[in-house]
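Read this briefing with the structure open beside it. The points are grouped by topic.

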Amino acid sequence: MATEANVNDQEDIREKLKGLELTQRPENSVTGKIIYWVGVAFALAHIYFNTLGTWSELYVAAVHFSGFAFLCALMVPVFNSSNVAKQKVALILDLLLGVAAVACALYLIGFEDALYDRGVKFVQWDWVFSISAIFIALEMARRTTGWFIPSMILVALTYVFWWGQYIDGMFGFAGLSLETLLYRSYFSSEGMFGQIARISWTYVFMFILFGAFLVKSGAGDFIIDLSRCAAGRFVGGPGFVAVLGSGLMGSVSGSSVANTVSTGVITIPLMRKAGFPARFSAGVEAAASTGGQLMPPVMGAGAFIMASYTQISYLDIIAIAALPAFLYFLSVGFFVRVEAKRSHAHAVEIDTRTLGEVFKGGWHFLLPLVVLVSLLVYGFTPTYAAGISIISVVVSSWLSKHPMGIKEILDSLAQGSRNMATTAMLLISVGLVVNVVAMTGIGNTFSLMVTEWAGGSLLITLVLIALASLILGMGLPVTAAYIVLATLSAPALYGLMAESRLLDLIVTGTLPDAAKTIFMLIDMDKVSLLSAPMSEVDAKALLNSIPADFKGQLLDQALAPEALAMILLSAHMIIFWLSQDSNVTPPVCLTAFAAAAIAKTPPMATGFTAWKIAKGLYVVPLLFAYTNFIGGTTAEVLSIFVFAVFGLYAFVGFMEGYLEGPLNIVMRALCGVCAIALLWPHDQMLVSLAGGAVFIMIFMFSRKADKDALQAV
């Protein structure tokens, strides 16, 4: 009876999880087989485009759009019905839409030259195909991500040629013709087939395909087994398995929902068995899986977009991102430790094998990751490195008991295309919004507005961006939220962070001579003040006297190019981290919904629990903004990291009112003070050391109190 109940529970979980994924037609149907083979062919085509192909990037992007629109049309019916006749009608409509998407790509490739021969004057078919392509992109985005993104795109597009001219003030826009908008959206390399689409068909697809091969080869099972052996025997071990397993899975998949589903079906029941509350178990899995997109070497689409925006190499980004990601997972682990003590969670025998035995049986699964990182270090492009790493997955699988054959390779190719469908349509659609921002200059307007609202305060700017990410996260997936936020707010954040560094130089009287010449152009009398230290108030007044047109030149003269690059990366990293919040922010928090389906807990309540546990997403970006955690010397980075570890633990103790045992109000308040001393930037080593010492004393006190309470029982 128990076995039968478990089987029923598993079936119930699978049904609930299906609701969180693309509603695919049956794989054994004719349509399912078409999806399979189109996926295989399309994966091979992308491998060709990224290695040997010499096609125009615009044409490849158009093919990328048409193929994934065709797949989405078949995978996600226009409407669901149990009626056979209605299912056939839906299939016919979906096929027509998919064929129309292919026709849009073929028209662009075949008639682009004719358009330029006419002097970029539209004829009837130009109108038909450009409008059709945008409509198909919106419809595919609606099917895969809901109504929010299509609605946002429609608002943005109509702003350009219609209602923007009726707005007064800074957001007013004189407008462009509909023909100009359609040209820039469809025919040019600025709109739906522009920079974001290029990132989609190059880096993102190749790494998603790499992840599909890894999972098919058995690497996912090895990662979970490794996590279970490494962390499973500790008190509250299943919780640590969730944290470690999700981090390792995220390093290859880059998908939070995929992490939740693959690891959660194992870790959540184990956490419940160990004595963790159901909602907390689901929250931990959701929060830990959210961190998967922060974990190198595969950080999801955001890392590639960040590399494109900042012009900093992908290898440098993943190298810099490693320690911050580790901090995030430690913060989730601290919540697990505290709840394990509070819930009196007990150890659960998860796997009788030793860590060495598990590693011996699956060490070869790590070879593709070694190949990937090695190729990146040696200077190969990420797409080339991913392509070679895919081959290494197949070769390394031959060292296992289940080597990959032709069928497994074809399955991986098809699965990679299916996994990419949602992301591809999302990125292509959001490219329309990015194009509108570029055409109208609304990004600069928004940045100026944020700066004005913040009154030049970096902290208030961070709060505003965090609030914006919170609101966007309720309707946008992670990647879309990052693209929109980065496009709108990165310039303002970068400017304030760079000016903060510049202000430090003026206060200390160490401004380079080249930068002083800028002040000479404005006011010769003030140049003499720059040779000596001054108060922060005077320094701000002096800096504010510089016109906005000259500040860019001043920054270039005052700060080294490497420092400016790291400040820019810090700004984008802050936005990238805050954008992850959309995974755990109610009412739309897919990772929490997936975890709730497994734990059988209320989705919204689970979302709020996961949101609390994922608070590292807010704390760590403060380190990016106010310290040299990004771009500092090795000693600076390690020092910040060590103090941040203790600071995050103190922060968790303050939030929970518990460490090894319950904390009274005084101890809890002291934990908060310690967290501030350890995390807030002050450049005072003694303050950090004092904060760490006090926290250790509180920890030991709570540990002794807990032992005394147990002995009394």
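The expected span of a helix is 1.5 Å times one less than its number of residues. The model described here is predicted.

**Helix H18**

- Helix H18 covers residues 406-440, which makes 35 residues.
- At 1.5 Å a residue, H18 should span 51 Å, and its end C-alpha atoms lie 50 Å apart, so the two values agree.
- H18 also has a bend of about 40 degrees, located at Ala421.
- Most of H18 is covered, since 26 of its 35 residues are buried.
- After H18 comes Gly441, which has a positive phi, near 75 degrees.

**Helix H2**

- Helix H2 runs over residues 30-51 and has 22 residues.
- From its first C-alpha to its last, H2 reaches 32 Å, close to the 32 Å expected at 1.5 Å a residue.
- The buried residues of H2 include Gly32, Tyr36, Phe42, His46 and Asn50.
- Among the elements that cover the buried residues of H2 are H3, H4 and H18.
- Helix H8 (195-217) and helix H17 (382-397) are also part of that cover.

**The largest nonpolar core**

- The largest nonpolar core holds 221 residues, and Phe65, Ile506 and Met573 touch the most other members.
- Helix H21 (residues 478-508) gives the most to this core, with 17 residues.
- Which residues is Met573 in contact with, leaving aside its neighbours within four places in sequence? They are Met306, Ile317, Ala321, Phe624 and Ile630.
- In soluble globular proteins, nonpolar side chains tend to be buried together.

- Ser82 sits in the loop between helix H3 (57-75) and helix H4 (84-117).
- Is Ser82 buried or exposed? Ser82 has a relative accessible area of 74%, and the cut-off for exposed is over 50%, so Ser82 is exposed.
- Ser82 and Asn259 are 177 residues apart along the chain, and their C-alpha atoms are separated by 31 Å.
- Lys516 belongs to helix H22 (residues 513-522).
- Lys516 has a relative accessible area of 13%, and buried means under 20%, so Lys516 is buried.
- Leaving aside its neighbours within four places in sequence, Lys516 is in contact with Leu511, Val527, Leu530 and Ser531.

Note on methods. Residues numbered from 1 in each chain as written. Predicted model: local features only at pLDDT ≥ 70, side-chain atom pairs only at ≥ 80, totals over all residues. Heavy atoms only, no water. Core = buried A, V, L, I, M, F, W, Y, C linked by side-chain atoms within 4.5 Å. Buried < 20%, exposed > 50% of the residue type's maximum accessible area, 1.4 Å probe, protein only. Helix = DSSP H or I, 4+ residues; strand = E, 2+ residues; numbered from the N terminus. Contact = heavy atoms within 4.5 Å. Bend = angle between axes of the 7 residues up to and from the residue.
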